[in-house]
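Student: I have a new structure to read and would like to know how to go about it. Can we take a few features in turn?

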Amino acid sequence: MIMNSISISLIVFACAIGGALIGLLLGAVLPPPHLSGDSKELVRLGMGLIATMTAILLGLLIASAKTFYDTQNSELTEMSAKVILLDRVLAHYGPEAKEARDVLQAAVTRLFDAMSQGGRQKSQMTSTPSGAEILYEKIQELSPQNVTQHSLQTEALSLVIDLGKTRWLMFEQGSTSVSLPLLVVVIFWLALIFCSFGLLAPRNATVVATLSLCALSVSAAIFLVLEMYSPFSGVVRISSAPLRNALAHLEK
């Protein structure tokens with residue numbers, strides 16, 4: 001996903017700076033009547049409208065990506081908390097639940113290692129269903145000797161099911177990505193805006209440098225938006241601190 005994000009960001013940069021260069025060239029070859037005061041004012045008004053719509057679409061892209069990122073982060077934190085609670089429930093059940101606790105610790109360790117190595121989310125989610133099933137079976141095999149143990153077993157089974165639901169929800173959400181038509185429209189509008197910048201700007205090194213920095217800034221923003229859609233393997237990666245804390249509790 002990182003390479004894909006970089007590729008798209010480079011395309012955005014190329015379109016923006018290409019539009020600016022086309023605008024500079026058009027400004028040099030168009031006859032003076034085409035660049036009169038009234039013509040420039042119309043261009044400014046038209047590009048102002050496009051710039052406003054571009055800002056709205058960029059805002060939608062950023063809001064959608066941030067919501068997705070925050071949702072995944074929240075679900076990981078919730079899952080880590082439930083892991084700790086499940087371990088405490090099994091610990092209160094008694095020594096008979098030690099094998100189930102070991103299975104739980106091994107599953108969390110694998111997930112933490114995968115996150116630390118920056119593995120793809122889908123590989124993390126598909127590598128552990130068997131561990132979750134084994135954990136459920138181990139808890140199901142427990143033979144409660146009193147009402148308290150029976151209650152703890154029921155609570156543990158409920159927590160395992162909740163953990164499974166959360167993990168598969170995160171797995172399904174992993175297929176979410178930025179809307180391609182929306183992204184294409186934004187890139188096209190950005191190229192038009194930069195073309196108008198070049199058309200109306202004087203032709204000197206300062207203008208070229210400024211337009212280049214603006215194009216770089218816009219492409220960097222698109223890159224960050226795309227990276228937030230891969231929170232387990234991208235540059236803008238979700239912290240593994242909740243799982244680390246969960247492991248610390250499991251090892252006690």
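This is a predicted model: local features need pLDDT of at least 70, side-chain atom pairs count only at pLDDT 80 or more; totals for chains, interfaces and linings use all residues.

Student: How do α3 and α9 lie against each other, parallel or antiparallel?

Tutor: The axes of α3 and α9 cross at roughly 150° and come within 10 Å. That angle makes the two helices, α3 and α9, roughly antiparallel. Their crossing is left-handed. On the α3 side the contact is made by Leu104, Gln105, Val108, Thr109, Leu111, Phe112 and Met115, and on the α9 side by Leu243, Arg244, Leu247 and Leu250. Sorted by class, this contact of α3 with α9 has eight nonpolar, two polar and one charged residues.

Student: And how do α2 and α9 pack, parallel or antiparallel?

Tutor: The axes of α2 and α9 are 9 Å apart, at an angle of about 5°. So α2 is roughly parallel to α9. From α2, the contact takes in Leu76, Thr77, Ser80, Val83, Ile84, Asp87 and Arg88; from α9, Pro242, Leu243, Asn245, Ala246, His249 and Leu250. The classes here are seven nonpolar, four polar and two charged residues.

Student: How do the axes of α2 and α7 cross?

Tutor: The axes of α2 and α7 (residues 180-200) cross at roughly 150° and come within 9 Å. This makes α2 roughly antiparallel to α7, and the crossing is left-handed. Residues of α2 that take part include Met47, Ile50 and Leu57, and those of α7 include Val185, Trp189 and Ile193. By class, the contact of α2 with α7 divides into 17 nonpolar, two polar and two charged residues.

Student: Now single residues. Where is Ile238, and is Ile238 buried or exposed?

Tutor: Find the element first, then the accessibility. Ile238 sits in the loop between α8 (205-227) and α9 (241-250). Ile238 counts as buried because its relative accessibility is 3%.

Student: What is Ile238 in contact with, leaving aside its neighbours within four places in sequence?

Tutor: With those neighbours set aside, Ile238 is in contact with Tyr69, Gln72, Asn73, Leu76, Met115, Pro231 and Phe232. Ile238 and Asn73 are 165 residues apart in sequence, while their C-alpha atoms are 6.2 Å apart in space.

Student: Is Tyr93 buried or exposed, and what does Tyr93 touch?

Tutor: Tyr93 is in helix α2 and counts as buried, at 4% relative accessibility. Not counting residues up to four places away in sequence, Tyr93 touches Leu142, Ser143, Pro144, Gln149, Leu152 and Gln153.

Student: What about Lys82, buried or exposed?

Tutor: Lys82 is in helix α2 and is buried, with a relative accessible area of 18%. Leaving aside neighbours within four places in sequence, Lys82 is in contact with Asp162, Leu163 and Thr166.

Methods
Residues are numbered from 1 along each chain as its sequence is written. Side-chain values use heavy atoms; hydrogens and water are left out. Helices (H or I, at least four residues) and strands (E, at least two) are DSSP runs, numbered from the N terminus. Buried means under 20% relative accessible area, exposed over 50%, partly exposed in between (1.4 Å probe, protein chains only). Contact means heavy atoms within 4.5 Å. Axes are lines fitted to C-alpha atoms, for helices over the stretch in contact, and angles run from 0 to 180 degrees between N-to-C directions. Angles under 35 degrees count as roughly parallel, over 145 as roughly antiparallel, 65 to 115 as roughly perpendicular and the rest as oblique. A crossing is left-handed if the near helix is turned anticlockwise from the far one by less than a right angle, and right-handed if clockwise. Ala, Val, Leu, Ile, Met, Phe, Trp, Tyr, Cys and Pro count as nonpolar, Asp, Glu, Lys and Arg as charged, and the others, Gly among them, as polar.
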